[in-house]
Amino acid sequence: MSGFSADWLALREPADARARAPELTKRLAAFCAGKQKLRILDLGSGTGSNLRFLAPRLKVAQSWTLVDHDEALLERAAANEVPAGVEIACRQLDLAKDLAGLDLSGIDLVTGSALMDLVSADWFDRLAAACRAAGCAVFFVLTYDGVMEFRPTERLDGLVRELFNRHQGEDKGFGPALGPEAPKHMARALIAKGFRVETAPSDWVIEAGERKLQLALLEGFLAAAEEIGPARAEELRDWAARRRRLATRADARLRVGHEDLFAFPSEG
Ligand SMILES: C[S@@+](CC[C@H](N)C(=O)[O-])C[C@H]1O[C@@H](n2cnc3c(N)ncnc32)[C@H](O)[C@@H]1O
């Protein structure tokens, strides 16, 4: 079990789709145009949200392999309808334990959405080296960058953000997680390995109409903050109670910072 439920992934999928940087999706589509059949690996695929977004926008024949360690999520992914011209296969693999088990031969593109803030610097560097050796392009989207901004603001927002960001840096199975450092680390590591890197913001902006998502995020922030700062649990619960009330306002808004990244091997 990964701790990511299909319900949670479904709840976030519309916000993810809206947040993605359109210019980078277009860059990727232009890079892929003209290929006979694009072979794509989607790491930490969950139920296939990344495929659902990208496949119709890449105007070429595609063969996707969805990789996840959670069999139940992969079963959901396999049960979904697939767009015309797209083949999919699912592979259960614990990427933290067996990165070397990924076969990159013949792969054009390695992608992943909402995964790279969970991995460690060392794991990412090994992935980047493997992608460089195989000559793959990479497209990693919706990587958390540490920004959490509520409107209206509240006295303890800064404390919650700080505790949550520390929690994001804890081990999520891959060693100490990159957490909010992930976007910067990925760009640096890929450039050092000889990739050309392009990035763009892909923040979630969640308005009052998406109260269910706002509230689910709020509970996640609270649980993480309490774990890191148990001595402040009472204050944190009071903060969450005030925030739940504020979430009923028509101007309630939450921004969660993310970044999208596209990189391809530079010549020579
Ligand atoms: C935040 S979810 C994102 C899922 C999907 N990419 C999306 O955007 O909806 C992270 C995904 O990574 C998977 N994951 C976490 N640790 C993993 C590991 N060690 N090996 C393989 N997959 C893993 C989880 O099962 C989950 O599906």
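Which residues does Ala128 touch, not counting residues up to four places away in sequence? The contacts are with Ala189, Leu190 and Lys193, where contact means that two C-beta atoms, placed from the backbone, lie within 7 Å. This is a predicted model, in which local features need pLDDT of at least 70, side-chain atom pairs count only at pLDDT 80 or more, and totals for chains, interfaces and linings use all residues. Residues are numbered from 1 along each chain as its sequence is written.

Ala128 sits in helix α5, residues 121-134; helices (H or I, at least four residues) and strands (E, at least two) are DSSP runs numbered from the N terminus. Ala128 counts as buried because it has 23 C-beta neighbours inside 10 Å. The cut-offs are 20 or more other C-beta atoms within 10 Å for buried, 12 or fewer for exposed, and anything in between for partly exposed. Met186 is 58 residues away from Ala128 along the chain, yet their C-alpha atoms are 8.5 Å apart.

Now for helix α2 (residues 22-32), where Leu24, Thr25, Leu28 and Cys32 are buried. These four are on the same side of α2, because they cover an arc of only 105 degrees around the axis, taken from the directions from the helix axis to the C-beta atoms. Pro22, Glu23, Lys26 and Ala30 are exposed, on the face turned away from that buried side. The buried residues of α2 pack against four strands: β1 (37-43), β5, β6 (195-201) and β8 (253-265). Just after α2 comes Gly34, with a positive phi of about 90 degrees.
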